[in-house]
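The following exercises are to be worked through with the sequence and the model at hand. Each task is followed by a solution in steps.

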Amino acid sequence: MAVGQVSFHDPKKTTRILLPTRINATINRLTKTRTEIPPPASSEYLLAERDAHLAELRKVTNAELQKRKKEEARLAKERREEKARKERDWEELYGEDAVNGEGRANNQEGFDEDDFM
């Protein structure tokens, strides 16, 4: 079978019609869509076509990857800023001692509030 030749899996299922005359209009339309590549250059041409196609696919996937990385970096930066903002708000609200865990309730007598007996 020649390269680029079209065939059917089961030739018994094909129907053949015998035409009494040749219909040039149909044949002319078919010949307009026909492309022929000389045999020695065909493999080189197909390899070049494949390489160009793969390069285009790589370019698209790399662009998507770069876009995704930028989006992830932006989200990470927003998360860091949000975390820092929450920590600042906590410090402003309760003071530096409460944030560090060193702050104690105003308990001058030394009694624990839970121990009431």
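**Exercise 1: A charged pair in a helix**

Glu-82 is partly exposed, with a relative accessible area of 34%. The model considered here is a predicted one.

Task: Determine with which residue Glu-82 forms a salt bridge, and how far apart the closest N and O atoms are.

Solution. 
1. The criterion requires a side-chain nitrogen of Lys or Arg within 4 Å of a carboxyl oxygen of Asp or Glu.
2. The partner of Glu-82 is Arg-85, and the closest N and O atoms of this pair are 2.3 Å apart.
3. In helix H2 these two residues, Glu-82 and Arg-85, are three residues apart, so about one helical turn separates them.
4. Arg-85 has a relative accessible area of 36% and is therefore classed as partly exposed.

**Exercise 2: A network of salt bridges**

Solution. 
1. Begin with Glu-71, which forms a salt bridge with Arg-74; their closest N and O atoms are 2.3 Å apart.
2. Both residues belong to helix H2, which spans residues 39-100, and their spacing of three residues is about one turn of the helix.
3. Arg-74 also forms a salt bridge with Glu-78, with the closest N and O atoms 2.4 Å apart.
4. Here the spacing is four residues, again about one turn of helix H2.
5. The relative accessible area is 36% for Glu-71, 38% for Arg-74 and 39% for Glu-78.

**Exercise 3: A nonpolar surface patch**

Task: Identify the residues that form a nonpolar patch on the surface, and state their accessible area together.

Solution. 
1. The patch is formed by Ile-17, Leu-19 and Ile-23, which together have about 330 Å² of accessible area.
2. Ile-17 is located in the segment before helix H1, residues 24-32.
3. The relative accessible area of Ile-17 is 72%, so this residue is exposed.

**Exercise 4: The chain as a whole**

Task: How many helices and strands are there in the chain, and what percentage of the residues count as buried?

Solution. 
1. The chain has two helices and zero strands.
2. Of its 117 residues, 0% count as buried, a class that requires under 20% relative accessible area.
3. The accessible surface of the chain is about 12100 Å², and carbon and sulfur atoms account for 54% of this surface.

How values were computed: Residues are numbered from 1 along each chain as its sequence is written. This is a predicted model: local features need pLDDT of at least 70, side-chain atom pairs count only at pLDDT 80 or more; totals for chains, interfaces and linings use all residues. Side-chain values use heavy atoms; hydrogens and water are left out. Patches are made of residues with over 30% relative accessible area and no salt bridge: like charges are joined within 9 Å, nonpolar side chains (Val, Leu, Ile, Met, Phe, Trp, Tyr) within 5 Å. Accessible areas come from the Shrake-Rupley method with a 1.4 Å probe; for residues, only the protein chains shown count as cover. Buried means under 20% relative accessible area, exposed over 50%, partly exposed in between (1.4 Å probe, protein chains only).
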